[in-house]
Amino acid sequence: MEMIQACQPQDHPSKRLLIKGRGQELRGFTDDTHPQTWKECIQPMTTPQLVVQDQPGLQPASGIQQIVNDFSIQIATVNGSGSQSANNVLLRSIFRMGVPVSGKNLFPSNIAGLPTWYTIRVSKDGWVARKTDIDVLIAMNAETAQQDVQSLRAGAAVIYDQSLKLDQVRDDLTYYAVPFDQLAAATGADAKIRKLVKNMVYVGVAAQLLSIDMDWVEKTVRKQFAKKPKAAELNLKAVRAGFDYAASSLTKQDPFVVAPMSATQGKIIIEGNEATAMGAMFAGVTVVTWYPITPSSSVVEDLIDYMKEYRVEPDGKASFAIVQAEDELAAVGMVLGAGWAGARSMTATSGPGISLMAEFAGLGYYAEIPGVIFDVQRTGPSTGLPTRTCQGDLTFIAGLSHGDTKHVMLIPGSVQECFEFATEAFNIAEQMQSPIFVLSDLDLGMNNWMSEPFDYPEKPINRGKVLDAKQLQELGGFARYKDVDGDGIPYRTLPGTDHPAAAYFTRGSGHNEKGQYTERPDDYENNMLRLSRKFETAKTLVPKPILQGKGREKVGIIAFGSSHWAVIESRDQLQRESKLGTDYLRIRAYPFTQEIHDFVAQHERIYVVEQNRDGQMLHLLKVDLDPTQIVKLKSLRHFNGLPIDARSITRVIAEQEGAAK
Amino acid sequence: MSTTPVTPQPVKTNRIGLQILDYRGGKTTLCAGCGHNAISERITEAFYEMGIQPERVMKMSGIGCSSKSPAYFMSRSFSFNSVHGRMPSVATGALLANKTMRSIGISGDGDTASIGMGQFVHLLRRNMPMIYIIEDNGVYGLTKGQFSATADIGSKLKSGVINDLPAIDTCALAIQMGATFVGRSFSGDKKQLSAMLKAAVAHRGTVMLDVISPCVTFNDHEGSTKSYKFMQGHEEPVAEVGFVSHFEDIAVDYDPDTTVDVQLHDGSHLRLRKLHEDYDPTDKVRAMNLLLEAHAKDEVLTGVFYVDTQKPDFTSMLNMVDEPLATLAAERVRPSREVLAQIMAEHS
């Protein structure tokens with residue numbers, strides 16, 4: 001896994017004064033010992049309209065040290081007020097200035113009216129995990145405003161609707177009162193859409209106060225509303241109203257500024273669910289069935305858009321079927337019916353859906369039918385917190401269904417892996433002839449992540465061991481559940497294969513090699529042992545774990561999925577602050593491969609970092625590992641529904657290791 | 001050694017050259033006299049007589065005595081004995097993957113009207129192109145004779161327990177939910193059931209047939225409303241079901257005043273000679289009325305209640321390519337490098 005390489009002018013942030021001129025030229029340092037670094041960062045980005053020195057409002061009050069490209073912005077709004085577009089414009093404008101960003105949406109399980117928060121982390125070092133401290137608050141929600149302000153640390157800046165009178169709450173913050181309603185009304189927008197336009201006003205205010213390049217803001221707005229030029233103009237008007245107001249009426253007093261870098265060049269920003277959808281399309285999925293559930297719905301919604309665009313043939317006919325099922329039981333039943341009949345089939349769901357799919361998961365395992373099930377995890381148990389993130393379905397899925405059942409799980413840790421694993425899951429499903437589960441989570445699936453562009457899948461589509469009529473003719477027949485190759489994976493035929501010996505009987509009841517009903521003890525035992533061998537074969541097909549570090553440290557960290565981003569930041573903190581070196585292994589699939597056993601054997605203490613209460617990954621490791629190794633494992637868990645942050649990991653490991661700060 | 005020349009008997013074959021043996025299944029493990037076995041026989045004959053290639057057929061089922069029966073007919077067809085009450089979804093998925101296949105689902109009254117009700121109504125609603133047969137005996141056989149949801153009110157178990165809940169009329173339900181060929185028959189009515197099954201093969205859309213099929217072990221006693229004896233006394237056909245296949249070169253005259261002629265999707269004709277004054281199988285409301293009135297009179301109406309040959313089935317509504325999705329070539333299902341590059345550019 002690559003760290004996002006950001007240019008790091010942080011050595012001299014305090015000495016930086018202003019970005020001058022039209023962005024081509026930089027006189028940012030009074031001390032010229034590191035100008036080269038800064039120049040490299042700046043040059044590829046052209047920011048022709050950035051004329052900061054002409055704006056007196058941006059002149060920091062004397063004595064305030066600027067904090068450049070290392071802070072987070074929180075926008076507090078009301079759910080359903082249409083702030084998503086505005087937040088997206090802010091995020092992408094900063095991204096297009098070449099500055100690493102991440103966006104996290106903290107939203108309620110509600111259609112409209114409840115509070116929602118969007119956090120943009122700006123990080124010159126490329127850290128994209130959640131940061132707990134908020135530096136700039138845009139307070140648009142009267143209901144939570146007081147509390148939002150109370151939760152800030154001293155020195156933070158607050159942009160707020162002037163009617164809220166927040167400046168009376170605390171005196172250790174910087175306040176910027178803005179008459180949002182008046183500015184929105186002045187754009188001439190209809191009363192109906194004024195609340196949407198209001199959001200764009202804060203984009204303009206923030207752009208001015210934080211030195212976000214208006215040129216990029218404008219381009220981003222136009223791109224966002226590419227299909228609605230009128231809406232684009234209106235929104236731009238609102239952005240400019242905010243920008244102009246801030247320029248003329250506000251005096252910059254806080255230290256937070258964005259300055260161009262070149263750290264995002266060539267990168268994309270995307271949500272994990274959309275990446276998953278793309279992966280499925282490039283995998284050649286043909287049958288998609290689903291039952292809407294947060295946070296997985298956008299996997300199929302995005303897939304519908306993509307398939308309509310790229311998988312409708314010139315005659316207008318679709319090379320796919322997408323069906324909204326009556327429930328998750330039917331969704332997964334259709335997946336297995338389609339997989340049995342030879343299609344590449346999938347569904348996407350979350351925890352409650354997985355519970356309902358348990359019965360069919362066992363059938364898929366035992367009758368040996370391919371299918372891909374995407375689980376975008378949210379918090380449980382039961383309905384839990386439907387709009388909050390968790391890694392809590394791990395142990396349940398590993399053995400989903402009654403009896404001795406085992407499932408293959410792929411666990412993407414990035415949006416790039418959401419794409420790659422989605423593609424690969426279909427190959428593994430057909431090779432294994434078994435349901436394959438892909439576990440992401442709400443944080444990965446529904447938030448915006450930077451990424452390298454995705455690589456085109458070079459591996460050909462692998463349909464697994466399927467016999468056609470010609471092969472049957474040569475073989476003279478086949479036995480559906482016979483282990484011909486010694487890997488536990490039998491051969492199958494597809495319905496419609498035109499040969500009298502092609503048909504077989506598929507059942508979830510006891511069956512022998514020929515698929516005939518049996519209750520014979522040896523038939524049952526042999527079949528179950530073969531299924532075990534088949535699961536061993538899965539270890540040769542699944543993505544291997546990834547090691548970071550030299551492998552020579554005493555302390556190891558094991559993590560998976562979206563926790564990755566907090567872990568890499570934490571390792572940096574541990575190294576910098578406590579001189580504590582760590583090795584890190586990121587697990588990407590179950591069953592566990594040998595590398596995981598080796599990693600545990602090679603380290604004295606291993607922290608297993610995960611986002612659930614019960615240490616589910618730790619539990620699965622305990623089942624597999626040598627008993628003498630288990631004592632080395634220490635559980636580090638985070639489960640409050642919010643994405644894990646680096647500081648929470650660092651604090652625990654530093655304390656446990658007695659590492660001095 | 002005898003020298004008498006033996007003239008070989010000509011082997012009887014259907015229109016695609018297959019013998020009835022090619023449509024046989026495994027030996028039944030159901031009880032002797034079980035209505036389900038008679039239904040398996042009729043299905044075997046119908047597919048043989050219609051000349052359907054067995055490899056083009058998918059046999060689907062759930063769980064229960066009824067759901068075992070696909071093992072007892074057409075062994076050369078592909079079979080999927082799934083989980084309890086969930087056959088509709090599996091059958092739907094299989095048809096999405098390969099809409100060129102024919103599908104016949106065998107369910108029971110428990111598998112359909114209790115645990116499977118949710119999926120059943122949605123199958124009907126979609127008008128999935130398949131034959132859905134309920135082998136209906138009013139009891140759970142494999143668990144030794146508890147009432148099912150199609151048991152009539154007042155019907156009595158062997159143990160003397162009386163059913164005090166109303167029966168679900170799966171035919172009325174199917175008409176309301178959107179099935180396009182709905183009928184009821186009796187496993188003991190060979191002529192009617194055969195004609196209905198052949199017509200079912202000729203129809204494209206959901207064919208829902210509720211076939212009363214007495215359970216000789218748990219529900220064939222005095223006081224049962226699903227026994228052979230009860231059916232013999234209460235079966236009330238709404239029309240005489242006649243079937244003229246598209247490949248038979250026979251012109252059969254009929255009287256349009258007394259007989260409804262329905263041309264089915266493959267060109268075959270269903271000839272329904274009215275035995276009931278209000279009978280009109282193209283009118284949903286009258287079909288429902290007939291069923292409701294029969295309940296009040298304790299009659300078990302049989303025959304084809306409703307046919308609609310115009311409504312599109314679900315697979316055609318999806319506007320899929322002509323070939324089965326299951327076997328489309330890689331280049332038709334994996335977009336090009338240029339497409340990926342374009343999408344990446346949109347996200348930069």
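How many helices and strands are there in chain A? A few notes on that and on what surrounds it follow.

1. **What kind of model this is.** This is a predicted model, in which local features need pLDDT of at least 70 and side-chain atom pairs count only at pLDDT 80 or more, while totals for chains, interfaces and linings use all residues. Residues are numbered from 1 along each chain as its sequence is written, and chains are lettered from A and ligands numbered from 1 in the order in which they are written.

2. **Chain A overall.** To take up the opening question, chain A has 21 helices and 23 strands; these are DSSP runs (helices H or I, at least four residues; strands E, at least two), numbered from the N terminus. Its radius of gyration is 27 Å, close to the 26 Å that the globule rule gives for 661 residues, so chain A is as compact as a globular protein of that length. The radius is taken over C-alpha atoms, and the rule is 2.2 Å times the number of residues to the power 0.38. The C-alpha trace of chain A spans about 85 × 60 × 45 Å along its principal axes.

3. **Burial and contacts.** Of the 661 residues in chain A, 54% are buried, that is, with 20 or more other C-beta atoms within 10 Å of their own, the C-beta atoms being placed from the backbone. Among contacts in chain A with a separation of 6 or more, 76% come from residues 24 or more positions apart; a contact here has C-beta atoms, placed from the backbone, within 7 Å.

4. **Domains.** An automatic or database domain assignment gives chain A domain 1 (39-257), domain 2 (270-451), domain 3 (469-538) and domain 4 (546-656). The centres of domain 2 and domain 4 of chain A, taken over C-alpha atoms, are separated by 27 Å. Each of these two domains gives 20 residues to the contact. On the domain 2 side, α12 (394-398), β14 (408-410), β15 (435-441) and α14 (442-446) of chain A each supply at least two residues.

5. **A five-stranded sheet.** Chain A has an open sheet with the order β18-β20-β19-β22-β23 and mixed pairing; strands pair if DSSP finds at least two bridges between them. The edges are β18 (546-548) and β23 (633-637) of chain A, each pairing on one side only. Three bridges link β18(A) and β20(A) (residues 582-587), which run antiparallel, and A:Gln548 is opposite A:Tyr584 there.

6. **The β22(A) neighbourhood.** Five of the six residues of β22(A) are buried. This strand runs parallel to β19(A), with four bridges, and A:Ile558 stands opposite A:Val608. It also runs parallel to β23(A), with five bridges; there A:Tyr607 has A:Lys634 as its bridge partner.

7. **Where the chains meet.** Which strand of chain A is joined to β2(B)? It is β17(A) (residues 505-507), which runs parallel to β2(B) and is joined to it by three bridges; A:Phe505 has B:Ser79 as its bridge partner. Across the whole interface, 48 residues of chain B are in contact with 55 residues of chain A. On the chain B side, α3(B) gives the largest share, eight residues.

Conventions. A residue is buried if 20 or more other C-beta atoms lie within 10 Å of its own, exposed if 12 or fewer, and partly exposed in between; C-beta atoms are placed from the backbone.
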